[in-house]
Amino acid sequence: MTSDAPLTRESFRRVLSINTPGPMSQLPGRVWTDANWDRIRRGYRARDMDEKWNVFAEDRVVYLHRSWTGFGVFEATFAPVEGGGWRIASAVVEAGRGGLHGNSADYDCLMLELVLSGVVLGEPAVELRQQLVEVVRQASGVTDASAGVVQHSMLGLRSDS
């Protein structure tokens with residue numbers, strides 16, 4: 001994204017709604033600063049084939065879609081926190097397309113926070129990335145899966161980004 005103009009649903013070639021929304025029972029506990037919330041609301045567009053996520057907001061709902069397919073994966077509703085900042089008050093995840101997420105509350109919560117932190121905000125999110133690798137290794141049974149491969153396949157980012 002090269003301007004400060006917020007991305008909208010119309011900014012993307014293909015945006016498909018979540019087919020089978022499943023409420024998320026576990027939400028990230030992070031309180032996002034007002035500056036974080038402003039940046040998240042402006043959205044994110046995948047810049048090349050290696051990036052996996054497009055993000056935009058409508059009012060207080062942030063929509064996270066896979067960049068190639070346009071499939072909706074997460075919808076997160078933000079609410080202001082007393083004393084300042086923003087928290088995810090509720091969220092849904094695609095529960096019916098299989099293979100897009102790990103079908104576990106831990107995985108879904110982690111991915112939602114990691115896409116917002118690591119992709120949209122561009123934070124290193126080292127601890128979240130390590131947690132993702134461990135969750136994927138445990139779920140797949142492939143205990144020696146390369147951290148870089150896991151991160152690239154899920155986030156579309158190199159492990160050093």
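Lys and Arg count here as positive and Asp and Glu as negative, while His and the chain ends are not counted. On that basis the protein has 17 positive and 20 negative side chains, and the centres of the two sets lie 5 Å apart, the place of a charge being NZ of Lys, CZ of Arg, CG of Asp or CD of Glu. The model is predicted: local features need pLDDT of at least 70, side-chain atom pairs count only at pLDDT 80 or more, and totals for chains, interfaces and linings use all residues. Residues are numbered from 1 along each chain as its sequence is written, and side-chain values use heavy atoms, without hydrogens and water.

**Fold**
- Four helices and five strands are present (DSSP runs, H or I of at least four residues and E of at least two, numbered from the N terminus).
- Along the sequence, these elements follow the pattern β-α-β-β-β-β-α-α-α.

**Nonpolar cores**
- A nonpolar core is a set of buried Ala, Val, Leu, Ile, Met, Phe, Trp, Tyr and Cys residues joined through side-chain atoms within 4.5 Å; buried means under 20% relative accessible area (1.4 Å probe, protein chains only).
- In the largest core, of 38 residues, Phe-78, Leu-116 and Leu-132 touch the most other members.
- Helix α2 gives this core its largest share, 10 residues.
- A second, separate core of five residues includes Leu-7, Phe-12, Phe-56 and Tyr-63.

**Tyr-107**
- Tyr-107 is found in helix α2 and is buried, with a relative accessible area of 5%.
- Tyr-107 and Gln-26 are 81 residues apart in sequence and 9.6 Å apart in space, C-alpha to C-alpha.

Conventions: Buried < 20%, exposed > 50% of the residue type's maximum accessible area, 1.4 Å probe, protein only.
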